[in-house]
Each structure stands twice: as C-alpha cells, then as structure tokens.
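Please open the model in your viewer and keep the selection tool at hand.

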Amino acid sequence: ASVKATGPFVPTKEDYQKVYNEIARLLVEKDEYDDGSYGPVLVRLAWHASGTYDKETGTGGSNGATMRFAPESDHGANAGLKHARDFLEPVKEKFPWITYSDLWTLAGSCAIQELGGPVIPWRPGRADRDLAACTPDGRLPDASKDQRHIRDIFYRMGFDDREIVALCGAHALGRAHTDRSGFDGPWDFSPTVFTNEFYKLLLDEKWEKRKWNGPQQFTDKTTKTLMMLPTDLALVKDKEFKQHVDRYAKDSDVFFKEFSDVYVKLLELGVPFTSKAEDRFVFKSSA
Ligand code: CCH
C-alpha cells in the first residue's frame, strides 16, 4: 500500500465551520453562566481584542490576540474577559491549528449569529503575536464620559458616527457587573437575544440617575431594573448620533444589516489579509 505525501494542514471553510459548531455547542451546554449564555461576553471579547486599533500607527486590532498577556489582560476595560478566554480554551485544544486571534473573532461572529443576530461573514488570516505587540491602556472607551470621548476613541479606529451608533447596539446583549466595570445590570429584558431593543428603550423610557454608591449610571423609571451608561445616553443627547438611534429603533432590518457590516469591519481592523473581502465565509447557524 502506498502512503500519500501530505503537506502542511491548510484548513478549509468546512474546518472553520467545525470550530463554529463547537462554540455553538458549548454555548448551549454551558448555560449556567450569567443570564444563561456566554454569548454576550464572547461578543465583548472580540470587540475589545479589535477595538485597540489605531489607524494612524496601524497598531492594535484583533491580529495578535495580545490580551492573552499582562499588561493588556489587566487593563481595567478588560476586566472579566478571562471568562470568555477560558471558555474558548477547550476549543483551542480541540482545533490547535487555529490562532487565538482568529478563534476570538470567529467566536464573536458565532455568538452574534447564535443569539439571533445577523449573519457576520468572517475570514481567517490573523497571526498571534507576542507581548511586545500589547497596546497601551486607554484605547477602549470609558463609559463615564460623553460624546466627545466616544468620537475620539472610535474615529481613531476609523469609524464614523453612523457606525458608532450601530456598534453600540450590541448592548442589547449582556449586562454590566459590579466586580468588572463597577456598573450594574442589563440594558434590556432579553440580554441573550440580539435585537434593536437597546435603541427602543433609549427613546421610549425615561432614564434617571440611579441612587447608589457605584459609578454614575441611569435606570429606567418604569421598572428600575434596567440600566444605561453615560456613554449610552450620549447617543440620544447628540443630534448626529440620535438620527441613527431613531433609524435603528424604527427598523430592525436596517439595524441588522448595518450592524453586520460594521462588526465585520471591527473584527478585521489592522489585519493583513491575503484573501479578498468576497472570500469571507458565511457560517451556517445551528438553529
Ligand atoms: Fe460595551 N460595555 N461598551 N460594547 N459591551 C459593557 C458590556 C458589554 C462600553 C462599556 C461597557 C461596545 C461599546 C461600548 C458589549 C459590547 C460592546 C460594560 C460592562 C461596559 C462598562 C462590562 C462588565 O461590567 O461586565 C462603552 C463605554 C462603549 C462605547 O462607548 C461595543 C462597540 C460593543 C460590541 C460591538 C457587550 C456584549 C457587553 C456585555 C458583556 C457581558 O459580559 O455581558
């Protein structure tokens, strides 16, 4: 019998779909976490890995997965993301050929799709880098600030006002934790389902300052169980931003489309792809 010579393993779309399927399976299996899903914290991991990008210097971004290392893992903004990184560790063990930086971003795409959001086309091509590529602290937004700060941070990544508002709609998912950011509570009543509720609540609810010892945040007058960050409310205070809040509150399809485009862009910031944009994979969701 002859043995065929094999070259280095070159993963195909089907191999990446297997990674997707494994993450989707674990999301269902490990449903004891938080509100019943690791999905939101995976969406946040992919965002914080990518959102360090600086278009002027080309530094930061998802290429590198430098949040594996201190000091970046210890940056205040990244508190709690160890839960997401640890969740993905068995996936990395099962598919050792995938880089952490591809795995973390693929998990973001998977989580959005599995939580009922739009399709997030994705492509591989990120390489892991060492600690020397860690970005300085302060590149991610500070929730206690206003619209000027939001613009400074997101313009640095290369986003415009419309894209900023679309991205922040991810706050339909998950919650704030007092032992991570210091803030507390979910933004809406279905924190494990991707919807345009964030914008509807911003417009329809009356938001008042929460009376507590924690950092300044806002609570809904009706149930006093939801929350908004100062930066969330800046999206309705600012005229330019509010136009887009209005559009997304009114039309969920428009939000899904524009969110997908901008989350894809976020996950690809600073990545030196050799593939073309039209070669992105569209993963099959499990439901
Ligand atoms: Fe966010 N976010 N985010 N966020 N975020 C927090 C939680 C989530 C800001 C601050 C916070 C985006 C933009 C911003 C998610 C996705 C996105 C928390 C609570 C703070 C604070 C963290 C904790 O205590 O666990 C600020 C400020 C901005 C912009 O100005 C963008 C963009 C995205 C994704 C596209 C998700 C998801 C969560 C929930 C995480 C979880 O563990 O449930």
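Begin by selecting His-171, which lies in the loop between helix 6 (161–168) and strand 1 (175–176). Helices (H or I, at least four residues) and strands (E, at least two) are DSSP runs, numbered from the N terminus. Show the ligand as well: His-171 is the only protein donor of its iron atom, through NE2 at 2.1 Å. Donors are N, O and S atoms within 2.8 Å of the metal (3.2 Å for Na, K and Ca); water is not among the atoms, so sites may look incomplete.

This is a predicted model, in which local features need pLDDT of at least 70 and side-chain atom pairs count only at pLDDT 80 or more, while totals for chains, interfaces and linings use all residues. Residues are numbered from 1 along each chain as its sequence is written, and side-chain values use heavy atoms, with hydrogens and water left out.

Two strands pair if DSSP finds at least two bridges between them. Strand 4 (residues 218–220) is joined to the antiparallel strand 5 by two bridges. To view a bridge, select Thr-219 together with its partner in strand 5, Met-227.

Now turn to the backbone of the loops. Most residues other than glycine have a negative phi, and most peptide bonds are trans. In the loop between helix 2 (39–50) and helix 3 (82–94), select Pro-71; a cis peptide bond, with omega of about 10 degrees, joins Ala-70 to Pro-71. Ala-65 is placed in the loop between helix 2 and helix 3 and, although not a glycine, has a positive phi of about 50 degrees. Ala-65 is buried, at 3% relative accessibility (buried means under 20% relative accessible area, exposed over 50%, partly exposed in between; 1.4 Å probe, protein chains only).

Move on to Asp-34, in the loop between helix 1 (13–29) and helix 2. Asp-34 is not a glycine, yet its phi is positive, about 50 degrees. At 38% relative accessibility, Asp-34 is partly exposed.

Cys-110 is buried at a relative accessible area of 0%, and Cys-168 is buried at 15%. How many disulfides does a search of the whole structure find? The search finds zero, a disulfide being a pair of cysteine sulfur atoms within 2.5 Å.
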